2 protein chains.
Amino acid sequence: MSAFGFEVLRTMPGGARLGRLTTPHGVVETPAFMPVATYGTVKGIAPDQLRRIGATIVLSNAYHLAQRPGAETVQALGGLHALMGWDGPILTDSGGFQVMSLASFVALDDDGVSYRSHIDGSAGRLRPEDAIAVQEALGVDIAMSLDECVPAGASIERTRAAVVRTTAWAARGLEARRRSDMALFGIVQGGFDEPLRAESVEGLTSIGFDGYAVGGLSVGEPREQTARIAAATVRLLPADRPRYLMGVGTPGDLLRFAAMGYDLFDCVLPTRNGRNGTLFTREGKLMIRNARHERDPRPIEDDCPCETCTRFSRGALRHFVQAGEMLGAQLATVHNLHFYLRLMREMRGALAAGTFPGQAAAVAGAWALDT
Amino acid sequence: MSAFGFEVLRTMPGGARLGRLTTPHGVVETPAFMPVATYGTVKGIAPDQLRRIGATIVLSNAYHLAQRPGAETVQALGGLHALMGWDGPILTDSGGFQVMSLASFVALDDDGVSYRSHIDGSAGRLRPEDAIAVQEALGVDIAMSLDECVPAGASIERTRAAVVRTTAWAARGLEARRRSDMALFGIVQGGFDEPLRAESVEGLTSIGFDGYAVGGLSVGEPREQTARIAAATVRLLPADRPRYLMGVGTPGDLLRFAAMGYDLFDCVLPTRNGRNGTLFTREGKLMIRNARHERDPRPIEDDCPCETCTRFSRGALRHFVQAGEMLGAQLATVHNLHFYLRLMREMRGALAAGTFPGQAAAVAGAWALDT
């Protein structure tokens with residue numbers, strides 16, 4: 001894997017680490033947050049703005065893109081980077097979670113998943129080899145293996161069967177990989193059972209992947225449970241490979257899980273909240289639709305250097321959101337993503353200075369644990 | 001009016017002219033197209049992008065802003081320029097047309113208009129003095145007088161009464177103006193009757209305004225009728241004042257009416273069409289939703305230097321539009337507005353070179369007259 005590399009620059013006693021991920025489309029300093037571009041665009045922000053606010057890698061979704069516009073179409077248009085107008089690193093989820101949560105008539109067997117598209121109802125079949133082929137066609141930097149996600153509350157037996165299947169699918173995907181310039185991560189499953197998580201890690205690490213993702217968390221369980229499983233799992237993962245905690249989370253989560261030693265994160269919160277008019281600030285969430293902001297000429301955050309805070313008042317933003325104008329969603333998204341990316345930069349700075357997580361958590365203050 | 005000035009730099013035999021409009025927020029080379037920012041934002045494009053594509057002045061709407069967020073709110077937020085994040089010139093329509101076309105229970109008398117808001121149903125009263133006060137509170141560069149717009153097909157008697165009322169209202173508005181840094185235009189009405197148009201011009205010019213708008217055209221009438229009235233009216237307007245043809249139009253219209261000697265234009269076509277996936281090109285309109293664009297890696301226009309054409313393929317744009325992603329509307333809007341503003345720049349270049357409208361019309365080719 002000459003095009004792909006991961007280097008741990010510093011590890012703190014609690015497990016937190018500063019790292020550097022090298023991909024064919026550039027370097028990602030970790031811990032890093034990946035804005036979510038499900039269909040090839042981060043909703044509410046253009047690629048050049050993403051760069052300006054400090055995004056270094058984005059997440060997209062192979063299942064969604066395979067449905068629309070189709071992997072062959074993306075290929076004909078020059079690949080996913082060209083489609084998106086984004087020349088930085090891209091990581092794609094394989095779509096296992098999406099096919100099982102969005103499609104209808106989902107039927108799993110050991111060979112793969114049969115489903116009907118959530119877009120047009122057409123019948124589809126997704127095998128682990130297909131998931132790899134699609135991601136190779138898209139031309140992404142980091143691909144995910146196809147995994148089986150069990151619903152919250154699944155029995156131990158069902159969860160164990162999913163772990164076994166996920167490991168077998170990961171092995172088949174790795175075997176099927178043709179592009180040496182695409183990294184492939186295995187996904188740890190195992191629900192909320194520590195021994196099953198250990199079994200999943202053992203199975204995947206004995207095969208050996210470029211990195212490891214932890215899936216099946218943040219699916220509605222109590223946050224203590226998330227933290228317990230995330231902590232138990234991260235200790236088992238090889239130190240020299242990147243660790244991606246899927247679908248996490250709030251600003252407080254990012255601090256908490258980076259402190260455990262996770263390197264990569266993704267979440268729709270900053271973008272989705274932005275579109276709803278909920279803004280992240282160091283003092284907590286700010287609901288811009290609230291009437292008290294109507295005539296407030298201050299920016300969302302006084303010290304924020306983002307394009308929204310330097311140019312628009314709370315009152316202006318509220319007006320655009322209330323009037324249903326696109327600009328409202330755009331301005332809120334830019335601020336929220338900037339907030340997330342700034343938080344990651346500050347964490348990396350504190351890691352480099354050896355003051356993370358202690359100082360960072362103190363500086364971050366109350367909001368970090370509340371949101 | 002020290003802050004406001006208009007200079008005609010060159011006039012062609014057919015009446016077309018190159019001009020320079022000076023406002024407190026900057027200079028506008030004319031003929032100019034004003035992107036429409038009804039609620040204080042040009043839908044689909046941010047203020048910094050507007051600047052980059054060459055917009056020098058935008059149009060907003062005093063009636064809409066008075067409804068939402070309210071003139072006092074805009075004032076509390078530092079005025080319309082601050083609200084919008086736009087430090088260039090702003091022209092507002094007074095809202096006469098909007099109140100009469102959008103509000104309910106509209107009742108006109110010689111003193112003003114009573115209506116119920118189209119937003120919240122609240123009762124409102126708009127007198128010519130109020131229209132000026134609102135625009136002064138917004139802090140715009142160029143205000144429009146309150147006018148009475150008659151529906152298409154109104155009788156000569158009703159149309160004549162509206163001309164008389166519009167002139168009286170314009171005089172009252174001028175009398176009520178307090179800000180010497182805000183230019184005020186009168187609006188020529190008179191339907192499709194040349195003598196009534198002449199009467200309207202005579203009434204307004206005998207009072208004397210900073211500029212003259214021609215209203216009541218492009219409201220659904222045959223285009224020959226628009227052209228006939230526009231041509232008959234423009235000849236009567238004073239040469240030393242800017243002339244604004246309201247709500248016009250297609251690229252072909254811009255060429256046609258600039259050739260007659262109109263200086264300012266506004267239209268929602270480039271932005272609204274953009275959001276619908278209809279793109280302006282030199283070869284005519286391009287419907288990006290059409291399946292033939294699905295795998296087309298070419299830009300919308302090969303020679304177009306806009307941020308959309310230099311970075312995104314037709315196929316990518318189609319995908320974003322089809323998927324309902326905001327980016328699709330944004331990219332299409334940027335291209336369409338860039339197309340309009342480039343057309344205006346080319347016209348001004350040809351005017352400076354003394355080759356307009358002859359050469360420009362020839363260069364523009366078939367699309368100019370078709371669209």
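Guide: A salt bridge here is a side-chain nitrogen of Lys or Arg within 4 Å of a carboxyl oxygen of Asp or Glu. This is a predicted model: local features need pLDDT of at least 70, side-chain atom pairs need 80 or more, and totals for chains, interfaces and linings use all residues. Residues count from 1 along each chain as written, chains are lettered from A and ligands numbered from 1 in written order, and side-chain values use heavy atoms, leaving out hydrogens and water.

Visitor: OK. How many residues from each chain make the contact between B and A?
Guide: Chain B gives 40 residues and chain A gives 40 residues. Contact means heavy atoms within 4.5 Å.

Visitor: And what area is buried there?
Guide: About 3,200 Å² between chain B and chain A, with 58% of that from carbon and sulfur atoms. Buried area is the accessible area (1.4 Å probe) that two parts lose on being put together, summed over both.

Visitor: How many salt bridges cross it?
Guide: The rule finds 6 across the interface of chain B and chain A. One of them pairs B:Asp48 with A:Arg311. Their closest N and O atoms are 3.9 Å apart.

Visitor: How many residue pairs are in polar contact across the interface?
Guide: 8 residue pairs, both residues at pLDDT 80 or more. A polar contact is a pair of N or O atoms within 3.5 Å; within protein, one must be able to donate a hydrogen and the other to accept it, and residues adjacent in sequence count only if both atoms are side-chain atoms.

Visitor: Which elements of chain B give two or more residues to that side?
Guide: α1 (47-52), α3 (71-76), α4 (80-84), α12 (314-322) and α13 (326-353) of chain B. The largest share is from α12(B), with 5 residues. By class, that side of chain B holds 18 nonpolar, 10 polar and 12 charged residues. Helices (H or I, at least four residues) and strands (E, at least two) are DSSP runs, numbered from the N terminus.

Visitor: What rotation superposes chain B on chain A?
Guide: 180 degrees, with 0.0 Å of shift along the axis and an RMSD of 0.0 Å. That is the relation of a two-fold axis. B:Met326 has the C-alpha of chain B nearest the axis, 3.9 Å from it.

Visitor: Why do the copies meet through the same surface?
Guide: Because 100% of the interface residues of chain B are also interface residues in chain A.

Visitor: New topic. Where does B:Asp263 lie?
Guide: In the loop between α10 (251-260) and β14 (264-266) of chain B.

Visitor: Buried or exposed?
Guide: B:Asp263 has 0% relative accessibility, so it counts as buried. Buried means under 20% relative accessible area, exposed over 50%, partly exposed in between (1.4 Å probe, protein chains only).

Visitor: What does the side chain of B:Asp263 make a polar contact with?
Guide: The side chain of B:Arg17, at 2.9 Å. A polar atom of the B:Asp263 side chain also lies 2.8 Å from the backbone nitrogen of B:Arg243. Residues that B:Asp263 touches include B:Phe6, B:Thr30 and B:Pro242.

Visitor: Over to chain A. How many residues of helix α10 are buried?
Guide: 9 of the 10 in α10 (residues 251-260) of chain A. Among them are A:Leu254, A:Leu255 and A:Phe257. A:Gly261 follows α10(A), with a positive phi near 115 degrees.

Visitor: And where is A:Asp210?
Guide: In the loop between α8 (194-207) and β12 (211-214) of chain A. A:Asp210 counts as buried, at 11% relative accessibility. Its side chain joins that of A:Arg177 in a polar contact of 3.0 Å. The A:Asp210 side chain also reaches the backbone nitrogen of A:Leu184 at 2.7 Å.

Note on methods: Nonpolar A, V, L, I, M, F, W, Y, C, P; charged D, E, K, R; others polar. Least-squares fit on C-alpha atoms with pLDDT ≥ 70 in both. Lists of a residue's contacts leave out its neighbours within four places in sequence.
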